[in-house]
Amino acid sequence: MKDVTYYPGCSLHGTAREYDESFRGVSELLGVNLHELEDWTCCGSTSAHCTDEALAVALPVRNLTIAAKYDREMVIPCVACYSRFKAAAEEAKEHPEYLLSPYEGKVSLRYALDFFCDKPMIEDLKSKKIKPLSGLKVACYYGCLAVRPPKLTGVKLYENPDHMDRLMELLGAEAVDWSYKTDCCGASLVMTRTDIVTNLSQKILGMAIEAGADCIVTGCTMCHANLDTRQAGLTVEGEKREIPVFYFTELMGLAMEHKDVKQWLGRHITDPIKLLSNKGLL
Amino acid sequence: MNLNEAPSKTNNSFLEDVIKASNVNIQACYQCQKCSAGCPVVSAMDIMPNQVVRQIQYGRREKVLSSKTIWICASCHTCSVRCPNDIDIAKVMDTLRHISLKSGLKAGEGEIPIFHSVFLDSIKATGRIHELSLILRFKLKTRDFLKDAALGWEMFRRGKIKILPQSFTGGRDIKGIFRAYEKGRGI
């Protein structure tokens with residue numbers, strides 16, 4: 001049993017509920033004991049760092065101060081939260097004046113995808129009984145913050161990452177090569193400049209289809225929301241198309257035959273169940 | 001290297017302000033335009049990222065601070081990662097937004113800063129973002145009630161929209177953080 005602190009963040013308690021459910025489900029199957037951070041609050045997200053530097057540091061650090069009480073690493077599935085935590089932890093060293101109380105804790109922060117791609121977790125996964133995702137072609141979509149900026153993420157192949165691809169291949173899926181792995185979907189602009197997000201998302205969706213993928217896999221709540229919900233009017237070579245978008249934890253759960261997979265997938269806007277039934281995977 | 005060194009032009013306080021607030025060496029730019037070439041949202045901008053850097057060097061405060069560009073930037077960090085001179089343009093964009101909000105100039109993209117302010121009000125009120133309240137608060141400001149209403153219903157049907165906010169006990173800390181921020185901004 002491995003004990004970690006779990007920071008869900010606001011989205012995982014709302015629109016990204018299936019990410020929370022599948023993350024918890026997969027963690028349990030892999031013997032990871034999640035301790036949800038008590039009394040956690042919002043990291044401030046895009047709005048804080050676009051508004052005020054001190055606010056963008058103080059909001060995540062409030063949570064880090066609580067997490068520092070425990071000798072555990074903190075795993076964060078929402079990559080937008082993760083990025084804010086990593087940035088704030090760095091900034092807090094240089095700008096203690098931004099904080100109400102000093103932050104001295106050295107809480108080790110892990111993004112859920114990186115956590116599951118780590119060697120010990122991969123070994124644990126290999127030791128489990130896996131029903132291979134045979135015949136499923138996936139386009140691994142990392143988005144921005146899972147890889148950039150590399151000085152925060154520590155990802156070496158930040159222009160052409162492959163760690164999610166390798167994880168998917170371990171589950172028996174085929175990861176297709178494509179060139180939009182780290183292109184931006186427009187993220188939070190969806191609320192204000194929906195036109196930009198629809199345009200960017202449909203470029204990404206179209207490229208995945210052209211690359212021969214049956215589905216897209218991501219580990220970002222904003223990417224998932226944008227790609228899953230902005231498919232109306234999507235055409236590839238003049239033909240109307242759609243493509244399901246999974247959280248990587250959902251496909252891990254599917255391969256490990258978690259009992260709740262159907263419930264997670266039932267929350268998607270673009271139906272993923274038909275694809276999996278056709279492939280004989282569900 | 002002294003980043004705060006006086007620029008070549010006299011009285012270029014805008015350049016000084018941006019360098020001081022961002023700690024980014026804007027003067028290293030040689031206009032290769034790699035930032036703009038890789039920017040996913042450049043087509044919606046009124047001045048391109050490389051031009052933003054140049055305009056800061058020229059001290060054109062109002063043009064930069066009232067541009068659409070600083071709000072359209074989605075903080076994807078592609079420009080910063082690819083800049084051959086290690087100029088953290090994404091960080092400069094953050095700094096420009098901060099200065100713009102304090103400047104009293106009209107924002108080039110009205111709704112985006114309104115969204116951010118509603119988002120922060122939501123954190124102040126409930127500690128965590130309750131998405132339904134956030135969207136309703138934002139719609140009350142923009143009066144665009146129909147946008148994505150059908151999508152909202154589809155999400156609700158699938159259990160993705162919570163009706164009530166979660167209980168929250170960190171109010172004192174959050175109020176303290178926001179008090180410090182509001183004091184800093186002279187509110």
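Is B:Lys147 buried, partly exposed or exposed, and what is its relative accessible area? B:Lys147 is partly exposed, with a relative accessible area of 27%; here buried means under 20% relative accessible area, exposed over 50% and partly exposed in between, using a 1.4 Å probe and protein chains only.

## Ground rules

This is a predicted model, so to speak a computed one: local features need pLDDT of at least 70, side-chain atom pairs count only at pLDDT 80 or more, and totals for chains, interfaces and linings use all residues. Residues are numbered from 1 along each chain as its sequence is written, chains are lettered from A and ligands numbered from 1 in the order in which they are written, and side-chain values use heavy atoms, with hydrogens and water left out.

## Around B:Lys147

B:Lys147 sits in the loop between H9 and H10 of chain B. Helices (H or I, at least four residues) and strands (E, at least two) are DSSP runs, numbered from the N terminus. Setting aside neighbours within four places in sequence, B:Lys147 is in contact (heavy atoms within 4.5 Å) with A:Val190, A:Met191, A:Thr192, A:Thr194 and B:Lys139.

One of those partners gets a polar contact too: the side chains of B:Lys147 and A:Thr194 are joined at 2.8 Å. A polar contact is a pair of N or O atoms within 3.5 Å; within protein, one must be able to donate a hydrogen and the other to accept it, and residues adjacent in sequence count only if both atoms are side-chain atoms.

## Where the chains meet

Now for the whole interface. Chain B puts 54 residues into the contact and chain A puts in 51. Between them they bury about 4800 Å², with 61% of it on carbon and sulfur atoms. That buried area is the accessible area (1.4 Å probe) that two parts lose on being put together, summed over both.

Across the interface of chain B and chain A, the rule finds 22 residue pairs in polar contact, both residues at pLDDT 80 or more. On chain B, several helices each supply at least two residues of the side that touches chain A, among them H7 (89-103), H8 (111-126) and H9 (131-142). The residues on that side of chain B divide into 27 nonpolar, 11 polar and 16 charged.

## Salt bridges between the chains

Chain B and chain A share seven salt bridges, each a side-chain nitrogen of Lys or Arg within 4 Å of a carboxyl oxygen of Asp or Glu. In one of them, the side chains of A:Lys151 and B:Asp88 meet at 3.8 Å, N to O.

Another pairs B:Asp148 with A:Arg230, where the closest N and O atoms are 2.9 Å apart. B:Asp148 lies in the loop between H9 and H10 of chain B and A:Arg230 in the loop between helix H10 (221-229) and strand E8 (235-236) of chain A, so the pair joins two chains. B:Asp148 is partly exposed at 31% relative accessible area, whereas A:Arg230 counts as buried at 11%. There's a network as well: salt bridges that share partners link A:Arg193, A:Asp195, B:Lys68 and B:Glu109.

## A look at B:Glu109

B:Glu109 is found in the loop between H7 and H8 of chain B, and counts as buried at 8% relative accessibility. Its side chain makes a polar contact of 2.8 Å with that of A:Arg193. Leaving out neighbours within four places in sequence, B:Glu109 is in contact with A:Arg193, B:Lys68, B:Trp71 and B:Ile72.

## Chain A by itself

Chain A has 13 helices and 10 strands. Its radius of gyration is 19 Å, close to the 19 Å that the globule rule gives for 282 residues, so chain A is as compact as a globular protein of that length. The radius is taken over C-alpha atoms, and the globule rule is 2.2 Å times the number of residues to the power 0.38. Along its principal axes, the C-alpha trace of chain A spans about 55 × 45 × 30 Å. Buried residues make up 64% of the 282.

Inside chain A, the side chains of A:Asp118 and A:Arg110 form a salt bridge at 2.7 Å, N to O. A:Asp118 is partly exposed at 28% relative accessibility, while A:Arg110 is buried at 16%.

Definitions and conventions: Ala, Val, Leu, Ile, Met, Phe, Trp, Tyr, Cys and Pro count as nonpolar, Asp, Glu, Lys and Arg as charged, and the others, Gly among them, as polar.
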